[in-house]
Amino acid sequence: MRRRSVVALLALAAAGCAYSGGPAQDSITFNTGLAPDSVIRIADAYLVRSGFAAVRHTPRVLTTMPKETAAGADSDATTGHRFRHWMLRIDAGASVMQGGTDVRVAGYYLPDASPSATIVDSTAVTRAVPVSAANAKLFAQIDAIASKLKELTVTR
């Protein structure tokens with residue numbers, strides 16, 4: 001019985017690491033007391049005010065249309081490839097362990113994506129490369145967006 005408990009705890013810990021991006025840190029996660037659809041609604045409004053074109057795919061997933069990558073933030077530190085465009089993805093899912101909503105904010109480089117390309121069913125998205133903490137300039141921008149979303153969704 002004790003062995004099953006240990007295995008269950010290890011499985012939960014591994015699932016938590018996978019959700020938060022693990023040691024490579026390719027996303028920012030936080031928990032809020034709001035419902036997932038409220039988080040996505042707030043994120044949508046904030047991103048539009050910040051100059052992004054947001055696309056809601058489901059009540060719990062929001063992405064942005066591709067944006068041009070700024071000079072100095074256009075190469076992936078792990079592969080060395082240069083990218084002209086990037087996008088954000090925000091996932092909001094009910095938190096089983098903490099209650100409320102787990103929010104994940106991630107950025108992706110898009111290989112040769114046109115700014116007018118659609119995100120839904122785009123082949124560029126299937127080949128998207130996660131922006132990691134190794135890409136300091138762009139990851140800092142993604143982190144700032146996640147921090148602002150966390151601030152906007154904190155329940156009082």
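The structure holds 2 aromatic pairs. Rings of Phe, Tyr and Trp (its six-membered ring) pair if their centres lie within 6.5 Å; planes under 30 degrees apart count as stacked, over 60 as edge-to-face and the rest as tilted. This is a predicted model: local features need pLDDT of at least 70, side-chain atom pairs count only at pLDDT 80 or more, and totals for chains, interfaces and linings use all residues. Residues are numbered from 1 along each chain as its sequence is written, and side-chain values use heavy atoms, with hydrogens and water left out.

**Aromatic pairs**

- The rings of Phe52 and Trp86 have centres 5.9 Å apart and planes at 90°, so this pair is edge-to-face.
- Distant parts of the chain are linked by the pair: Phe52 lies in the loop between helix 2 and strand 2, Trp86 in strand 5, 34 residues apart.
- Helices (H or I, at least four residues) and strands (E, at least two) are DSSP runs, numbered from the N terminus.
- Phe52 and Trp86 are both buried; buried means under 20% relative accessible area, exposed over 50%, partly exposed in between (1.4 Å probe, protein chains only).
- Phe83 and Tyr109 form a stacked aromatic pair, 4.9 Å centre to centre with 15° between the planes.
- This pair also links distant parts of the chain. Phe83 is in the loop between strand 4 and strand 5, and Tyr109 is in strand 6, 26 residues apart.
- Phe83 counts as buried at 8% relative accessibility.
- Tyr109 is buried too, with a relative accessible area of 0%.

**Overall make-up**

- The protein has 4 helices and 7 strands.
- Along the sequence, the pattern reads α-β-α-β-β-β-β-β-α-β-α.
- Of the 156 residues in the protein, 39% are buried.
- The accessible surface comes to about 8800 Å², and 57% of it belongs to carbon and sulfur atoms. Areas come from the Shrake-Rupley method with a 1.4 Å probe; for residues, only the protein chains shown count as cover.
- Among contacts with a separation of 6 or more, 59% are between residues 24 or more positions apart. Contact means heavy atoms within 4.5 Å.

**Nonpolar core**

- The largest nonpolar core has 25 residues. Such a core is a set of buried Ala, Val, Leu, Ile, Met, Phe, Trp, Tyr and Cys residues joined through side-chain atoms within 4.5 Å.
- Leu47, Leu88, Ile90, Val105, Ile142 and Leu149 touch the most other members.
- At least two core residues each come from strand 1 (28–32), helix 2 (36–49), strand 5 (85–94), strand 6 (101–110) and helix 4 (136–153).
- Helix 4 supplies the largest share of this core, 6 residues.
- Leaving aside neighbours within four places in sequence, Leu88 is in contact with Leu47, Phe52, Leu62, Thr63, Thr64, Val105, Ala106, Gly107, Ile142 and Ile145.
- In soluble globular proteins, nonpolar side chains tend to be buried together.

- Two strands pair if DSSP finds at least two bridges between them.
- Strand 5 and strand 6 run antiparallel and are joined by 10 bridges. Arg89 has Ala106 of strand 6 as its bridge partner.
- These two strands form a hairpin with 6 residues between them, and Gly99 in the turn has a positive phi of about 80°.
- Strand 3 (residues 61–64) pairs with strand 5 in the antiparallel sense over 3 bridges. Leu62 has Ile90 in strand 5 as its bridge partner.
- Strand 4 (residues 67–68) and strand 5 are also antiparallel, over 2 bridges. Here Glu68 stands opposite His85 in strand 5.

**Strand 3 and Thr63**

- Both faces of strand 3 are covered. Val61 and Thr63 on one side, and Leu62 and Thr64 on the other, are all buried.
- Strand 2 (residues 54–58) runs antiparallel to strand 3, joined by 4 bridges. Ala54 stands opposite Thr64 in strand 3.
- A hairpin connects strand 2 to strand 3 through 2 residues.
- Thr63 belongs to strand 3 and stands opposite Arg89 in strand 5.
- Thr63 is buried, with a relative accessible area of 3%.
- The Thr63 side chain makes a polar contact with the side chain of His57 (2.7 Å). A polar contact is a pair of N or O atoms within 3.5 Å; within protein, one must be able to donate a hydrogen and the other to accept it, and residues adjacent in sequence count only if both atoms are side-chain atoms.
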